[in-house]
Amino acid sequence: MKIAVTYSNGEIFQHFGHTEQFKVYAVEGDKIFSAEVIDTNGSGHGALAGLLSQLDVDVLICGGIGGGAQMALAQAGIALYGGVTGDADKAVESFVAGNLACDPDAKCDHHDHHHGEEHTCGEHGCGSDHHCGGDAH
């Protein structure tokens, strides 16, 4: 399994569409085998889901994320854990241990005037049961 985290200076970057780096972790079972920081080269909102898909990422851990990006991740089969803050490595360790706290309704507030309330993580990123990440685990 591969887990990507929006990344800046060891922390989870809080705006998916503006992240300049992902930290991608290779995980097997409950062990993290490797981690690599990957530059997004300024890909922007639309291309980031494609980049993660090319990297064979299974799970994305991030802060805020807009509805369009949530839909693109869902279409790519990438489980979303949004609304997460703090240390990137600790978040991945918590995910691997099965106890990562996240916000199933995390979204970038500035997207409201474009997308409206209908685009929440519960509908497009986390599955209809409102549990973060759907069935990725």
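View 1. The chain has five helices and six strands in total. Helices (H or I, at least four residues) and strands (E, at least two) are DSSP runs, numbered from the N terminus. The model is predicted, so local features need pLDDT of at least 70 and side-chain atom pairs count only at pLDDT 80 or more, while totals for chains, interfaces and linings use all residues. Residues are numbered from 1 along each chain as its sequence is written, and side-chain values use heavy atoms, with hydrogens and water left out.

**View 2. Of the 137 residues in the chain, 44% are buried.** Buried means under 20% relative accessible area, exposed over 50%, and partly exposed in between (1.4 Å probe, protein chains only). Take contacts (heavy atoms within 4.5 Å) between residues at least 6 apart in sequence: 54% join residues at least 24 apart.

**View 3. Thr40 sits in the loop between strand 4 (31-39) and helix 1 (44-54).** Thr40 is buried, at 2% relative accessibility. A polar atom of the Thr40 side chain lies 3.0 Å from the backbone oxygen of Thr19. Neighbours within four places in sequence aside, Thr40 is in contact with Thr19, Glu20, Gln21, Phe22, Leu48 and Leu51.

**View 4. Ala76 belongs to the loop between helix 2 (67-75) and strand 6 (79-81).** Ala76 is partly exposed, and its relative accessible area is 33%. Leu52 is 24 residues from Ala76 in sequence. In space, the two lie 8.7 Å apart, C-alpha to C-alpha.

Definitions and conventions: Polar contact = N/O pair within 3.5 Å; in protein donor to acceptor, adjacent residues only side chain to side chain.
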